[in-house]
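Subject: Structure handover

Hello,

Here is the structure I promised to pass on. Please open it alongside this note.

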Amino acid sequence: MHPATSPTAGAPAGREHRTPLTRRRFVRGLAAVALAAPLALGAAACGDDSGGGDGGPVKLSVFWWGGEARAKLTEDALALYTKKHPDVTFEKTWQANQGYFDKLATLTAGGNPPDLFQIDDNYLAEYAGRSTTLDLGSYRDSGKLDVSKFPKSLLEYGVVDGKLAGVAAGENTQGLVYNKTLLTKNGLPEPRTGMSWEEHIAWAEQVAKKTKVPGTQDPSADYKALWVWLRQQGKDLYKGKELGFTVEDVTKWFALWKGARDAGATPTADVIHQGNATDITKQLVVTGKAATSWVWANQMPDLKKNTKDELGVVAYPGDPSAQWARASMYWSVFKGSKHRDVAVDVINFLNNDPEAVALLGTDRGLPSNTDLRAKVSETATDPAMKQSIQVESELAQKFGPSPQVPIKGHSKVKAELTKAAENAQYGRATPAQAAEQFVTACKAAIA
Amino acid sequence: MALTTAPGPTPRTGPVGPRPTRRGAGRTRLGEGLAGYVFLSPWLIGLMGITAVPMLLSLWLSFTDYDILTPLSEVRWVGLANYERMFTADPSYWHAVRVTLTFALVAVPLKLAAALGVALLLNRTWRGVGLFRGLFYLPSLLGGSVALAIVWVNMFNRDGAFNSFLALFGIEGLPWVADPDWALETLMVLAIWQFGAPMVIFLAGLKQVPTELYEAAAVDGAGAWRRFRAVTLPMLSPVIFFNLVLETIHGFQGFTAAFVLSNGTGGPVDSTLMYTLKLYIAGFTDLEMGYASAMAWVFLLAIALITAVFFSTGRFWVHYSDGEDA
């Protein structure tokens with residue numbers, strides 16, 4: 001398929017049967033192809049670095065993760081852009097979340113990354129730190145990228161090492177989703193924002209006793225729950241290039257949940273393990289194995305699709321000001337893209353064009369542009385979506401400042417937390433041992 | 001693919017006898033050589049592009065801090081740092097080695113035993129034997145497929161079919177795949193269950209054993225066990241050897257089922273962290289492709305070493321009869 005490979009197959013050999021050179025020439029040709037193929041790939045990777053290169057038809061490659069619903073909405077919004085800018089068309093690729101970042105990394109390594117791609121805070125620093133993402137700061141300053149209507153903390157949550165690496169495609173925050181049907185049927189109170197962690201666990205214990213369904217998933221393996229809890233203790237997940245917590249902090253965290261497990265407020269370790277998968281369909285609140293799950297608030301509508309029961313959502317326990325306006329995901333531009341200006345313009349369009357924002361709705365979280373967010377909230381019809389918008393908007397008034405974006409090595413920290421927490425859950429380690437193991441592993445991971 | 005390889009002694013290939021070097025035929029030979037290369041070219045290009053070049057590249061990368069995202073031109077040479085880290089500073093590496101060895105040491109012998117046992121049963125002529133051969137071979141056709149792994153995980157979770165079956169006898173099952181003490185064992189059972197491929201090869205081997213040997217042994221008063229020990233096993237030893245080497249390599253490379261069972265994490269609590277999975281996580285999740293390359297090369301050398309050990313011990317127990325007879 002590469003033009004470089006085509007002139008191989010015995011090109012000069014044809015007529016001249018007798019020339020003694022053919023074989024040598026052929027072998028040489030072969031060697032040339034072997035060398036040229038990767039070179040050609042490499043050359044494609046470098047592209048011509050002419051920067052803008054606008055004018056004339058442009059085909060922009062766009063890559064995101066999500067389900068079919070998101071694909072439909074995104075395709076519609078991009079089609080709208082093409083309608084307004086007929087010379088810009090899109091090469092759209094999307095897939096499920098699992099495996100998305102493997103694919104993105106492979107595309108980047110292969111010298112064929114998309115011009116415009118979706119990314120989240122788990123990987124933003126990894127990509128920005130390696131200069132894979134374009135610094136959008138100059139576009140922001142020149143006004144080509146309008147972020148004037150963005151909440152300040154949401155915009156700042158896209159900054160890595162002083163560079164604007166990603167623009168929030170939507171806003172969300174941590175949400176505790178509970179099974180409303182189960183609670184009302186049994187005459188149990190619903191959880192409230194602002195309950196303390198101890199109150200939450202006591203409540204979950206009460207639910208378990210009455211309904212035989214454990215009241216809460218044990219979130220000790222969940223970095224976003226640990227993160228909120230740490231912030232409430234005046235700590236953080238990261239501080240600069242260091243960890244923002246100590247062994248003692250994590251010991252307390254693991255011990256808190258050991259208490260909950262011992263009291264029967266949570267499911268058994270193997271069920272907790274299943275709920276630790278990030279897959280929406282495996283969350284215990286929809287599989288019926290627990291009354292609450294620890295998710296992101298904008299996942300409510302998707303969760304609802306997987307259960308017949310009514311769901312409710314509140315903030316994680318403790319002081320809700322520990323939560324922040326998190327970019328549910330960002331749009332980033334590949335630094336080597338030939339069509340940077342167009343790509344940035346598309347981001348601008350997806351965030352600020354009233355029609356596009358109306359089309360996209362809250363699929364990627366609350367719209368980042370707060371004026372348009374208000375409009376979308378008014379017109380939302382899906383009850384689950386309405387509810388998540390309402391809760392998020394309420395919480396938004398209590399949000400504290402954003403933490404820094406997770407640093408390089410975050411994927412390992414997340415995996416180590418799961419391992420350590422599960423060690424404690426299966427009773428193979430005490431909270432103190434698990435905490436020690438976790439912090440040691442983290443230090444190695446981010447070193 | 002293993003099936004196409006005929007079992008038994010490999011015919012001696014290589015430089016056979018003096019080549020007909022006709023004077024003046026040089027040009028024709030060149031022409032023939034060229035034609036040969038042209039016919040070989042799909043394979044040659046594949047070998048170069050898909051195997052040789054990336055392999056050598058990965059050898060180089062194993063001495064660098066390559067992280068996938070950084071262009072190759074900017075990677076830093078780090079010497080033996082990746083290898084040093086693997087052996088001295090990464091406890092989960094040794095854990096993965098342990099998991100993989102446990103898996104291979106248990107699953108491979110049991111799989112071969114199952115394959116040989118069933119092959120012996122099916123090596124008779126009774127009605128419907130062909131159907132049974134087909135049925136036993138079927139699981140192997142599914143190979144290391146993702147679909148099969150998904151079915152397996154669902155069969156062996158707490159509410160799975162296996163526990164429902166146990167419940168018939170009043171036994172309360174475990175959450176097998178979600179239990180760190182049993183997840184790896186579940187994978188072993190899956191591997192053993194797919195004994196069809198070595199079984200077919202054993203069957204082919206059994207067909208090669210001359211019936212006169214059995215008759216002679218029977219005349220000499222050897223019972224069934226004695227005939228198996230003294231005739232079947234030695235005659236079958238080249239096939240056993242072949243299957244052992246192949247299945248060991250295969251066992252070490254187990255990946256798909258572990259990946260599916262653990263959502264790519266090696267969990268619960270690293271109990272299914274097979275070597276290849278650890279390598280995959282290092283390369284694609286943690287973006288440490290240089291480190292992953294180093295792991296891959298150590299893996300390659302380890303497998304080569306184990307295979308070499310097999311070959312060097314083989315002459316003590318592998319019995320090739322054809323040499324003398326034929």
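Below is what was found in it, part by part.

This is a predicted model: local features need pLDDT of at least 70, side-chain atom pairs count only at pLDDT 80 or more, and totals for chains, interfaces and linings use all residues. Residues are numbered from 1 along each chain as its sequence is written, while chains are lettered from A and ligands numbered from 1 in the order in which they are written.

**Domains of chain A**

The domain assignment gives domain 1 (58-171 + 327-396) and domain 2 (174-323 + 409-446) of chain A. Such bounds come from an automatic or database assignment. The C-alpha centres of the two domains lie 28 Å apart. Across the boundary, 14 residues of domain 1 of chain A are in contact with 15 residues of domain 2 of chain A. Contact here requires C-beta atoms, placed from the backbone, to lie within 7 Å. On the domain 1 side, helix α17 (residues 383-396) of chain A gives the most, with seven residues. Helices (H or I, at least four residues) and strands (E, at least two) are DSSP runs, numbered from the N terminus. That side of domain 1 divides into five nonpolar, seven polar and two charged residues. Ala, Val, Leu, Ile, Met, Phe, Trp, Tyr, Cys and Pro count as nonpolar; Asp, Glu, Lys and Arg as charged; the others, Gly among them, as polar.

**A strand in chain A**

Strand β6 (residues 167-172) of chain A is mostly covered, with six of its six residues buried. Buried means 20 or more other C-beta atoms within 10 Å of a residue's own; exposed means 12 or fewer; partly exposed is in between, with C-beta atoms placed from the backbone. β6(A) pairs with strand β12 (residues 326-333) of chain A in the antiparallel sense, over five bridges. Pairing takes at least two DSSP bridges. In this pair, A:Ala168 stands opposite A:Tyr330.

**The core**

The largest nonpolar core has 177 residues. Such a core is a set of buried Ala, Val, Leu, Ile, Met, Phe, Trp, Tyr and Cys residues joined through C-beta atoms within 7 Å. Among those with the most contacts inside it are A:Tyr330, B:Leu187 and B:Met199. Its largest share, 12 residues, comes from α3(B). Domains 1 and 2 of chain A both give residues to this core, so it lies between them.

**Helix α8 of chain B**

Helix α8 (residues 196-208) of chain B has 13 residues and should span 18 Å at 1.5 Å a residue; its end C-alpha atoms are 19 Å apart, which agrees. The expected span is 1.5 Å times one less than the number of residues. Its buried residues include B:Met199, B:Ile201 and B:Phe202. The buried residues of α8(B) pack against α3 (91-122), α4 (129-142) and α10 (224-252) of chain B. Beyond residues up to four places away in sequence, B:Met199 touches B:Ala115, B:Val118, B:Ala119, B:Phe136 and B:Tyr137.

**Two positive phi values**

Most residues other than glycine have a negative phi. B:Ile68 has a positive value near 75 degrees. B:Ile68 sits in the loop between α1 (26-61) and α2 (81-89) of chain B, and is buried, with 23 other C-beta atoms within 10 Å. B:Asp270 has a positive phi of about 65 degrees. The loop between α11 (256-261) and α12 (275-285) of chain B holds B:Asp270.

Best wishes

Methods: Two residues are in contact if their C-beta atoms, placed from the backbone, lie within 7 Å.
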